[in-house]
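Welcome, and please open the model in your viewer.

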Amino acid sequence: MDGTIKISGARCFRGGAYRFRGKETLFIFSPLGEDDRGNFLILPKEVKLTSQMKPLILIVVYLVAVTLPLILSAVVGGPPRQFHQELASGLGILAFSMILVEFILSGRFKAISNGVGMDVTMRFHQVMARTALVFAVLHPLLYQGTPTGGERPWDPTRQLTLTTDFADLATGIAAWLLLAGLVVMAIGRTQLGYRYETWRLLHGVGALLIAVLLLHHTVYAGRYGSQPVMTWVWLAMTGVAVGSLLIVYLVVPLLQKARPWRVTSVVRLTPKQWQVTVTPDGHRGLDFQAGQFAWLNVGHSTFSMKENPFSICSAPADGPEISFMIKELGDFTRRVGQIEAGTVAYVDGPYGNLSVDGRTEPGVALIAGGVGLAPLLGILRQMRRTGDSRTVRLIYGNRVIEQIACREELDEGLREGSGEGSGEELGKENVVYVLSEPPADWQGEAGFIDAALMDRVFSEQEFREWVFVMCGPAIMMDIVEDHLIKRGTPPHRILSERFNYD
């Protein structure tokens, strides 16, 4: 019977719906009866993806955390003031609470980043940091015309005047300058050219100083922050923020020391791309999904800042060993070829939700630009190892032919998949190589991965029904995402991942 599902050994509640909760999905079925072997036949009635609820839940939690101090301040109250003065206080309160919540949005907490995606988490982190800076800039400017100085006969509680105590104001000014500096350094990190490890250290120390300075300024110079209730609220929120920093830089490294890895091989894939494989040393390894990434630390202490995020290009079905595809770009990556087998390594992960596990689309489109092939190769390898029957189409773009990684493996898949009845490997027509600077005898696509190429490769039905997974340069993904939406691909069927965050 079309559309039915067979369940053995399950009890079907007659007169209602049968509910089955998967890892990410709540399926609701209508019972149709039993077959001659006692298996229940059920017809899917409704499917609710609980993963789609996670962003909504996290947004609500974020709004509650950010606005709680503002709401409590309004409840605490005080003598009435002019609107622009209350707005100044409100923006200052919001700026501080947003900065404290930024600690949790660092991307290193899986409950958040794996729930909504690392891209969304980090982009939200960026936008909120800049919004907090705007609020912080407006905060003192809106106090223009407000009386300053000490106690006045008409204001014995000093709630209608601004303090001129240098110590109380200095901490706010210092935090304001630090916040502006961090945002500018983040936006211009690539142009300024300083090392990634240096940025991480400055970012962490700077954020900690901003939180402590703002706590002092809010409690001692703030109209509302000086209230006992609000003082405790700010202390608690600052404690949580600082605690999250300690988890990332102290607790996690301590846990990693008990779970070391060893480098087993370093293989050159292209002139500037390598595959580094590590194996667990005395533990079971990493429980991950194909397409995820992890932070890799090779040859350094767990407390070192010298760890970098790399996509896992191996398949979970390959066993406990995991492999990373790494391109020579920075200080660490330029020395990848010098890593010796046996070198101790540490892995923190997995992170990200660039996975097609459990999805029901009939086809999977993998769109890779350069080293963006790494997570998609992991997905492809996993689908091959497990005999996944879904149709797969890979578009792989590079500048020159020498940059094509793992071509032998991909071409071997083509040869094996071109035979009649082979459903476990890619078919010949399902891989597209794209070069922007092709050689004279190039037989593949020339140019870039753009809208015109997408239209040549995919049909209208595939645009609507397939899941599209992409990783690569930001400009490529922007073009592809825009075109997919234009062609009617639902947003929940567009998965992407980028590592270029400012």
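A residue is called buried when its relative accessible area is under 20%, exposed when it is over 50%, and partly exposed in between (1.4 Å probe, protein chains only). This is a predicted model, in which local features need pLDDT of at least 70 and side-chain atom pairs count only at pLDDT 80 or more, while totals for chains, interfaces and linings use all residues. Residues are numbered from 1 along each chain as its sequence is written, and side-chain values use heavy atoms, with hydrogens and water left out.

**Stop 1: Thr 218**

Please select Thr 218, which lies in helix 7 (residues 196–221). Helices (H or I, at least four residues) and strands (E, at least two) are DSSP runs, numbered from the N terminus. Is Thr 218 buried or exposed? Its relative accessibility is 13%, so Thr 218 counts as buried. Now show what is in contact with it, meaning heavy atoms within 4.5 Å. Leaving aside neighbours within four places in sequence, you will find Phe 96, Gly 225, Ser 226 and Trp 234.

**Stop 2**

Next, colour the six strands that form an open sheet in the order 8-7-10-5-6-9, with antiparallel pairing. Two strands pair here if DSSP finds at least two bridges between them. At the edges are strand 8 (308–311) and strand 9 (322–327), each of which pairs on one side only. From one strand to the next, the twist averages 40°. For such angles, axes are lines fitted to C-alpha atoms, for helices over the stretch in contact, and values run from 0 to 180 degrees between N-to-C directions.

**Stop 3: strand 7**

Zoom in on strand 7 (residues 293–298), which pairs with strand 10 (residues 344–351) in the antiparallel sense over five bridges. On that side, Asn 297 stands opposite Tyr 346, and Val 298 has Ala 345 as its bridge partner. Strand 7 is also joined to strand 8 by four bridges, again antiparallel; there, Leu 296 is partnered by Asn 308.

In a regular strand the side chains alternate between the two faces of the sheet.

**Stop 4: two backbone details**

Which peptide bond is cis? Select Gly 349 and Pro 350: the bond joining them is cis, with omega about 0°. Pro 350 lies in strand 10.

Then move to Cys 406, in the loop between strand 12 (391–398) and helix 10 (407–417). Its phi is near 55°, a positive value in a residue other than glycine. Cys 406 counts as buried because its relative accessibility is 12%.

**Stop 5: Leu 138**

Finally, pick Leu 138 in helix 4. With 34% relative accessibility, Leu 138 counts as partly exposed.
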